[in-house]
Each structure stands twice: as C-alpha cells, then as structure tokens.
Amino acid sequence: MSDLKKIRDEFTSKLKGKLDLAELNQIKSDLFGKNGLVSSQFKKIGNIDVSERKKFASDLNIIKDELHDLINLKINEIEKANINEKLEKEKIDVTLPERSFVRGKIHPVSQTIDEISSIFSEIGFSVEEGPDVENEYNNFTALNTPDNHPARDMHDTFYLDEKKERLLRTHTSPVQIRTMLKDKPPFKIIAPGRTYRSDSDQTHSPMFHQVEGLHIDKNINMGHLKGCLNYFIKEFFEVKKIKMRFRPSHFPFTEPSAEVDIGYEIKDGKIIIGEGDQWLEILGCGMVHPNVLKNVKVDPTKFQGYAFGIGIDRLAMLKYGINDLRAFFDCDYRWLNHFGFDPLDVPTNYRGLSR
Amino acid sequence: MKITFDWLKDHLKTNLKEKNLLEQLTNIGLEVESVESLSSDNQLFKVAKIIKTEKHPNADRLKVCDVNVGEKELKKVVCGATNASEGLITIYAPPGAIIPKTNTKLEIAKIRGVTSYGMLCSESELNLSDESDGITELSKKYEKNIGKSYFSKSKSNLIDLSITPNRPDCLGVKGIARDLAASGFGRLIASKEKKIKLKSKQTLKVKINKEKGQGCSAFGSCLIKNVKNTESPQWLKDKLISVGQKPISAIVDITNYVMLDINRPLHAYDADKIEKGIIVRNSKSGEEFTALDNKIYKLEKGMCVISDNKGVLGLGGIIGGTRSGTEFDTKNILLESAYFDPRSIRNTAKKLNLDTDAKFRFERGIDPLSIETGLKKAASLIQEICGGEVSKIDIQKIESYKTKIINFDVNSFENIVGFKISEKEIQRILTDLGFIIKKEKNSLKLIVPSWRPDISQQIDIIEELVRISGYDKIKTIDPTKDRSRSTLTQTQRLFHFLQRAIASKGYLETITWSFTDQSYNNHFREAGKEIKIVNPISSELGVLRNSIFSNLIMYMSKNLDRGFKDLSIFEIGPVFTGSKPGEQKTVVCGLSAGKKSRLSWIDKERNIDLFDAKRDVVQTLNEAGYNSDQFFIDSQTPNYYHPGKSGRIFLDHKKDKVAAYFGEIHPNILKKIDIKTENLIGFEIFLENLKLSRKTLKDQKLKFSVSDFQKSERDFAFVVNKDVEAQELISVISNVSPNLISNIKVFDVYEGENIPDNQKSIAISVTIQSSEKTLNDKDLEKINNSIIEEVENKTGAKIRS
C-alpha cells in the first residue's frame, strides 16, 4: 500500500519539475516499461491476499491512470510549444506574388456568334455553314442577282479567276442556297460566317462577319419576320423593350424587302440601345423572293418565308462599345485582352448571355 | 438623288411640312441619307471678281488677291489655286461662312504672315462637283452679279435620297412625287405639255444599224435651228444650284433639268458638226474618240456608239464627245432622246471604267415611252430661252416596247404580308402609282407603267402595296419556342469546344483575314497550291492563306514590337487548299513566343518549348474526348517546323489522318522575317481529321470499376540507342501485361557520362496492379522480368544495373 503511495508521490512531484521530451520518455519507461515500477506492481496482484486484492488492483489502476495522464499532458505541452516555436520561424511574406498565370480570351466576334446561336437556338433555329470560296451562281445568280444587275455594284467582290466564276462570298446568303438545295422544306436555319468585300477604310474591312437567317415553311409571313427579329434584338441587347423600325428597301433576293433600324441615344458618351430618337440601321431582311425558291426547287406556291442578314461585327461593336472595326482583325494584344471574353463564359440559354 | 421640297412641289400639291416629308420618304422606301441646309448660311457665298494678284512674299505657291466682293473696299484673300488670275469671276466666302464640304467655319487668319479675309472656293468645297483643281470659274455674265449671293434664296433644304437600284423612276423628281402622292402625301399635279409648233422636217438622217448586240433600240431626235445659246434664266440656274448642280449654258442646263425632273436623259449635238447623218452602231475594235471629260477612249468591238461619217460622236447613253458638243456659239442643235439597253450600257461602262449620270440612269432602265415627252419638254424650253425653230420629231426604232400585264390575286397580299387591305384600297394605290386596272373574276389584270422595269410578277405588286400602306401595319407575331433539330452539329460542337479549350490554356483568340501576304504564305505553303486573288485590296493581301501561321507570325511580330515578350495567340478558322468551293480545312493554329517564366522570384526562368505546346494540344484533344493513351506520335512534320524539334499526333496507331502538329518554327523562317524572341512554338490541330465519336456523352461513360488491391511501383532504367523513342518503350511495356500494368511514366532521360556516345538512358516508372488479387513478390518478380526481357528484345535496350 505504501509502495503505491510512495511511487505516486515521488513521481507526481518529479513531474511537476521542468522536463524535456527525453526525460519524460525516461519517466514513462521507468513507470510503465517492461520492468517499470507500475508494471511490476501489476505482476504482484496475484500474490496479494484475496481480501485486499480488489482494493489493491483498484488503487493501482487509479495511480496508473493518474501518472499516465500527467505524463501525456506534459508531452502534449512540450509538443505544442515546439510547434509554436516552429511556426514562429516559418512565417512567410504572403504578399509576394503567386506563381504566374496567363488568361486566354475568346475574341468578341466568337463570343457574339455564340450569343446569337444561343438566342436563335431557343426559337428553333439550327446552325448551318458554307464555304468561304463560292461560285458566282450561289453568291449572285441563284439569289436573283443576274450579272447585269446594278445591285452587284454594292458588292465589290474578290475574284479568284479571270472569268469571275469563283469568288470570296460577299454575304452569307449562299448558305441559304446550299441548305435549300441539299434538303427539303421546312427550313429554319442561321448561318454565321466570314464574308468578304474589296472595301477597306475606317468603317469597312475587306473581311467581316455576317449571320444569315432563313425560315421557310407553309405560312410564314412578314409578321413572323418582325416577331423573330424583335425577339432577337431584345434578347441580344438584353433589354426589355426595343424601339424598332422596319422600312422598305430593296435586295434582289427578297421581296418585299426591309431594312431594320433600332432606336438609340447617346448618354454620357455611351450608346444606349433601345431608347432615344436616333435611328441606327442594323440589318436587312425580307420575304424570300419566289425566283430564289424556284432556283432551289422549292415550290413558291406552297412554301414561303423570310430571310435576314446581320453584320456580326457591328452587333458586337454596339453591344460592347467597340469603336473601330479594323481593330477586330489587328490582333493587338492589348485590345484582345481588353475586349476578349473568358473561355468559361459560354453564353447559354439557362445561365444567360453575359455575366 | 438630290431633291428639294420646292422642286417636289412642281409635281406635288401638299400642305404638309418638310419634317413630315422626310419621314414619309423613308417610310415608303426612299431613304433620306442626309439633309443639308442650303438656305441662310449659303447666302454668305458671293459672286466676286479678282482685281489683282501678287505673289505671296513668303510662299511660292500662294497668291495674295485683291477681290471685289461688291463692297467699297477690295478684300485681301490668300489663295493657292493656280487658276486664280486677274479678271476671274469666282465665288467668295467671307469669314464666318461655313464651308459645306468640310463643315468648318472660316475665320480671319494669317497665312504665312499675310492676313486673309475669307476664301475663294473650289466647286468641290461648295459641294457643287468633285472638281477640286482650282477655284470655281464663273462666266463673264456673272459680272453684273458681283457682290450678290451665288446661291438662290431658296428656303428649301437639299435632301439627299438613297434610291435603290430597282427604282430608276425615282431618279426623277416627278417619280418621287408620284410615290408620295400614292402614299397620301399630297396630290400629283398632272404635267402640262406646252404646245409648240413643229413645222419643219427633221432633215438629219438617223439610222440604227440592225446588228447583233445592238444596244440602242430606239432613237428619237429633233432639230432646233437658229438658236442663240445663252446663259440660263435665273429660275433655271437657281433650280440647278439648289440641287448642287453648276449651271453651264442654257442648252446644257435644259437637258440636265429635264433629266433631273422626269429622269429622261437627253443629249444635245451641235448639228453643224455632224457629218451627214447619225448612225447608231457597234464600235469597231480600236476606234477612238475624245469624250466630254476630255479623255480619249479607245473602244473595244461591240460598244454602242453614236457616229457620223467621220467616226464616233459619243458613247450612247454614257457620254458625248467633244467634236459635236454644244457651245455658246452653237446655232443649230440636234436633240437626242433614245433608249439604251441596260446590259449594254453596263458592260461598256465597266470595260472603260466610266461612270456618268446618264450611265447610272440608263443601266437602271429609262422609261422607253418617255422619248417623245422628253424631247418636247426640252425643245419647248430651248425655244423659250434660246429661240429657234423646232423640227418635227423623228423616232427610229428597231424594237417596240411591249406592255407588261400581271394577273394579281388580291388574296396573295395577306398571305405574304400578314395583314389585310381592302380591294378598293389596293386599286387606289395601284392607280396612283400609274397602273391601269381591269377587274376580272378572281383577280385584277394590271398593266404595268412603262417607267417601272422592276415590276414583272405578283410579288412585285405585293411589295408596292405594303410599301405604300406602311410597314408599321405589319403585325408582330412572337416566335414559338420549340426546337425540332439540335442547334449545332457534332462538328460544330467540336469547333466550339476546341476554341474554348485552347483559350482556357492561356491563348488569346485572334481573328485574322483569310488572305495573306504571298511571301509570308510561301514560308508555310509547302507543296500546297497558291491561290491568288485576281483583284486584291493590296499586293500584301494577294493570296488565300494555305496556313494560319503566316498571319499569326505577322501579328505576333507586331505585338513583340509593341514590347510584349511572352505571348500566346491562336486562331480557329479556314485554310485553303484550292480555289474551288469546299477546298478548305478548319484548323486550330496556336503560336507562343518568349519564355514560360520570366523574372520570377519563385520559378526558374525558362524558354517556352515544344513540350508546352504538346501539353496544350494533348490536353485539349484529351478534354475533347480523345484518349491520349492511344495517341501515336512521330516526328514527320511540314518543313516550316524545326526538323528535330517538332512532332505530329495521330489519334491511334492506325495513323489514319494527322490530328495535329506541334513544334518549334523553323529557324530559317524566323531569320527571314526577322522576328525577335527567345523561342517561337506553334501547333496546328485539324478539325476535319478528328474522328467524331458516334457515341453521345452518356454512352461514353463506361461502367465504373476500380481495383482496391494493393498497387506496386517499379522503376526501370534502360540504356538504348539514341534513335529509339520513348513511345516505343512505353508501347512494349504496356503490351507485356495490359491487365496488370495500369500506368507507365517516363521520369528521366539522360545522356552523357557513363552512357555510351550514341546511347541514352530512359528511366520509367511502372505501376502494377491487379483487379483480382494482391500480387505477391513472386508475381511482381515475374512481371518485372518480362518487362525487362520484352524491352531488351524488342528495342535493343539494356537494363541499367
């Protein structure tokens, strides 16, 4: 009995002193090692008188736990102190720059094409494409623009041969022709792409982008055309209301034809789309000319519909406040970085066109 | 087409205001391009006479002129025009005047030390013509007007309309008035023909040769004898000036007036200068004549010319010649009013690169029935102003005009346009536009007016009706939101995926032109066909690109010159393989310059290299759904890549089509185009060469199965000949026991000390794991040995001990 107490008192006081990790481990092994003081007490249990054995065992366990806890507490304290000491040394200047990263960007024209596709997708249009090099027939003749037509003057065309049979398409309208020739009505397509005219100055670039739209079915009339474009413009500019004006015009491949203006005003040097009393021409459209339908073997007495052509670069300029068309194709790093979009910003129906 | 409201009122009775007019013009398809004020401001421009000129003391090309502007004192004006000479009558703009062309306000200014009070104006500065060579020269007759305003006091603004090519009738003021009247904007005033006595016979013989391709189908003419060509009366001058035309002489002014008023081009010849008669014929190859623009034109065979015995007098419907032109002393004139075929006019003008007002009108189609009206209108004015006797009118024809008839189904209107108008309204509009209507059982039989070459079928009538009724009446039908086909095809989806995948790896997307500089293109063309543009915008943009690299390198170089050093740019777009439609491929082309890390406190500085590009390409293809474990890579690349530091990627070992190239750009090219950067690395991914999976994303996800048994990693170092590729070793190892080898990684390549000269050491870590059990030492030993044995046998390698 006194043995136990002695052990307890001795070690409790020992453990009160300042000890390092090695000393503590030594004490631990002195007490609980194979032949440690506490361990050997346990071996005694069998020899103790039955009447006292229970109490002895109980006291021994209490002392064992007590000392054990005391040692662990001490060890923990020291370890904690060690870590704290280490942490103190390990402090680093976190304001130093991170490892460098480069951000890629999507060109505003590509982003705008995706926005346009997303909007038209919602109302059932699918995307068609055509080649950049076209033959004279698809670009002009099939579109009701015969070779002596003055409207051809509006298209200063790049030619690839002296006979002027092959050219760089002057508009995306030949995709209409290709689509209707390869398939049967109804048609409901948009065709974004590169277009070319030999025109180069402040506001004209020899290459630019257009999106063509075509909807041919049994009873499609000018009201549908108006509704479709009204919807598109509203969605594209992300406004609730849009002031829009259809006025008569002439294109050889549509009749009746219209040019569409949208209202705008300049506020604090910035263009506001949809309000104001200024008009801005943004697209040409009309009902597909019966001659065009005949050229692609679609019966104009059964099918009719509309087509439109919109300048994509111009839309992008208006929406994102870009002033200079030429800059689109100048690849200036600063410009691309400024007007480009993060590749993760994919315009979709459900999350919206822009952030 | 330039008009004024005042001129319109010659044909249109209306009480409405100019503001309404502008709106209405646009509403019916006659788009108002601009409105210029010609009233108050322009009163400042005065007729003036140069009294004296002196050389400017400080400038050789300038003169100091003393100008009489109708005030007591002469004005000192500094002028640079070569034609500024003593006695010249011209137009003077005082300080405060706004120059129409530049829209700038004049101020008293010192020009090289001499104060100039105002300016002497050229025709182009006044928007009178394109003539910018020298100041305006007015005839002596203006002497009495010195000090008076040059422009009339007309309050009418100059309205510039953009007339679409289908509407030649609206190239005359009357045609515009007719359209306006039909739309309810006033009432059309019926033209009164002045009666003139046509006594004598037209004695000058006119003959149209009947030959193939004859561009003239009718030639009307009359002789006016004993005229006194003079200056036009003020009303006529004012009228022409009000639409920006410069008065010349009465006869010329009258023909211009008739042309502008009713779109009937006329031509006046000095009849005494015509040898015998007029022959309208096809030109012979090599024939020459001097046109009124003082240029000599050499004609090709088959152009429609007006000629006499001596040769060509003029190009029919395009431009007259100097030989038979009218002057102030002209006594007898022959007035021509003809019909020329638009196609013939267009071809000739295009070949000779000639653009005139008459050509512009004839190529759009002149009213074939206006020959006589025009002659009478002009002849009576000439007689009134210049006196003389007018002969009877002679009209030679080789073809007669056939009236066009359209049967119009009234219901078709609503079908196309979506709203309805009454049959009564339809009839009213068409009548106002000049149609003659006969009502039939189920349709209207319409006789199309002769001045409307654009109308030939039912849809043209619908257009007229909706245009005049107003586009604002068209109801907006909201689109339905349903979709029967997917928006994008699989290829289009892949296009967008690759575009954004590359951009997400730090590349800026560019869009460059599809054409490029021939010399740049040649660096990247290899054996590809050069596709020239016949009429390029400039010689530096003369060919379609065979590769996107030419443009990317050009612009990369520009950006480096701007001081940016480490850049990655890319473009996804077409390259061309031939000049036929469809001979093009879609390529994703990227280019990186400079260093991967530069001036970094944390990372080691290093140049960008081909393995950066390879990672971007492989990762992108991987993200797009192609398994990079199956890729086959070799080093056969086009000659614009560094031959030893570039590679090509196939999607699998079948080596079907090249999926991509990557590598350093050939140093010779860098040298030639003088681009300064540490390293230039490029890649190309060929969209059409990527096989499209027939499976959808949901089918691509196989059953999820992983092994939880212990895996072991074993490292091997093989010594092989230098020409043995790592890919070969990997391929051999993976075939040793495909079920058990789950990962193979090259972690070191070493050449040098301890390794023979033409050999290298490749260290590979192989992960071995079974899906059925935990492999024991014996199993592992067995695989180990097979790997060593296989690699040694198949590649000639030796395991490094």
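1. For a disulfide, two cysteine sulfur atoms have to be within 2.5 Å. Cys386(B) is also buried, at a relative accessible area of 6%; buried means under 20%, exposed over 50% and partly exposed in between, using a 1.4 Å probe and protein chains only.

2. Before going on, some ground rules. This is a predicted model, where local features need pLDDT of at least 70 and side-chain atom pairs count only at pLDDT 80 or more, while totals for chains, interfaces and linings use all residues. Residues are numbered from 1 along each chain as its sequence is written, chains are lettered from A and ligands numbered from 1 in the order written, and side-chain values use heavy atoms, leaving out hydrogens and water.

3. Over all chains, the disulfide count comes to zero.

4. Back to Cys386(B), one of the buried residues of helix α8 of chain B, which also include Ile371(B), Leu375(B) and Ile382(B). This helix (residues 371-386) has 16 residues and reaches 22 Å from first C-alpha to last, close to the expected 22 Å; the expected span is 1.5 Å times one less than the number of residues. Helices here are DSSP runs of H or I with at least four residues, and strands are E runs of at least two, numbered from the N terminus.

5. What covers the buried part of α8(B)? Among the elements doing so are β16 (216-225), α4 (234-242) and β24 (333-340) of chain B, contact being heavy atoms within 4.5 Å. Just after the helix, Gly387(B) takes a positive phi of about 70°.

6. Now look at α11(B), residues 458-469, whose twelve residues reach 17 Å, close to the 16 Å expected. Eleven of the twelve are buried, including Asp460(B), Glu463(B) and Arg467(B).

7. Finally, the cores: a nonpolar core is a set of buried Ala, Val, Leu, Ile, Met, Phe, Trp, Tyr and Cys residues joined through side-chain atoms within 4.5 Å. The largest has 172 residues, and Phe308(A), Ile176(B) and Phe515(B) have the most contacts inside it. Helix α8 of chain A (residues 222-237) gives the most to this core, nine residues. A second, separate core of 34 residues includes Val305(B) and Phe340(B).
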